[in-house]
Amino acid sequence: MTIRILAIALAVLALAFRAGTALAEGAGDSTAVKSVDGKFFDKDDNPTYKVGQDGTVDWYTYSGFRRYHSDCHVCHGPAGDGSSFAPALKDSLKRISYGDFLVIVASGRKNVTTAQENVMPAFGNNPNVMCYIDDIYIYLRARADDAVGRVRPAKHEDRPQAFAEAEDACMGK
């Protein structure tokens, strides 16, 4: 199990390197230009969301909502709106790149100012986060663009078979 988690963390760092990590870069244009097995990507090949005219979200956005609320919301607040001790991730995604997001989640981060000290723990060894890191990013990207609201999406696409297979492989099933 530990080797698999280490492999996931290394893969995330490799993706971050591929995606670039310039902090000022931001998430960029989130328009989906392609879909692979039900997962959408923007022009820079970063994962993104798709919301239909009737409000139906893609599976990965829905999964990201679920995963965000199982691990991230305790510190970062409901719907990525932030709290008194952690930033609003829906705002952070407007400033950081996909690569930055991956590195911060996997490795953690410490921000110290004269007013406060914020410490984000590293989640690189947590399969409940790392196996769904793209889903969480996609959900927060949709929140950053106000493409989805603060509540659980009412309608979502069915879970793609590719998602189920990747989830099983990552979780060691």
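Please keep in mind that this is a predicted model, and that within it the count comes to one disulfide. That disulfide joins cysteine 131 to cysteine 170, with a sulfur-to-sulfur distance of 1.9 Å, and it links distant parts of the chain, since the two residues are 39 apart: cysteine 131 sits in the loop between helix H5 (127-130) and helix H6 (133-144), and cysteine 170 belongs to helix H7 (residues 161-170). As for handedness, the torsion about the S-S bond of cysteine 131 and cysteine 170 is about -85 degrees, so this disulfide is left-handed. Both cysteine 131 and cysteine 170 are buried.

What, then, about cysteine 72, which is in no disulfide? The nearest cysteine sulfur to cysteine 72 is that of cysteine 75, and it lies 8.8 Å away. Because a disulfide requires the two sulfur atoms to be within 2.5 Å, the 8.8 Å from the sulfur of cysteine 75 to that of cysteine 72, its closest cysteine sulfur, is too far for a bond.

Let me turn to the charged side chains. Side chains of opposite charge can pair when their charged atoms come close. In this model the count comes to eight salt bridges, and I will go through some of them.

One of them is formed by aspartate 134 and lysine 39, at 2.7 Å from N to O, and this pair links distant parts of the chain, with aspartate 134 in helix H6 and lysine 39 in strand S2 (residues 39-41), 95 residues apart. Aspartate 134 counts as buried at 13% relative accessibility, and lysine 39 counts as buried at 15%.

Helix H6 also holds arginine 141, whose side chain meets that of aspartate 42 in a salt bridge of 2.8 Å, N to O. Aspartate 42 lies in the loop between S2 and strand S3 (47-48), so the pair ties together parts that are 99 residues apart in sequence. Aspartate 42 and arginine 141 are both buried.

Aspartate 44 and lysine 43 meet in a salt bridge at 3.4 Å, N to O; here aspartate 44 counts as partly exposed, at 46% relative accessibility, and lysine 43 as exposed, at 57%.

Technical notes: Residues numbered from 1 in each chain as written. Predicted model: local features only at pLDDT ≥ 70, side-chain atom pairs only at ≥ 80, totals over all residues. Heavy atoms only, no water. Helix = DSSP H or I, 4+ residues; strand = E, 2+ residues; numbered from the N terminus. Buried < 20%, exposed > 50% of the residue type's maximum accessible area, 1.4 Å probe, protein only. Salt bridge = Lys/Arg side-chain N within 4 Å of Asp/Glu carboxyl O.
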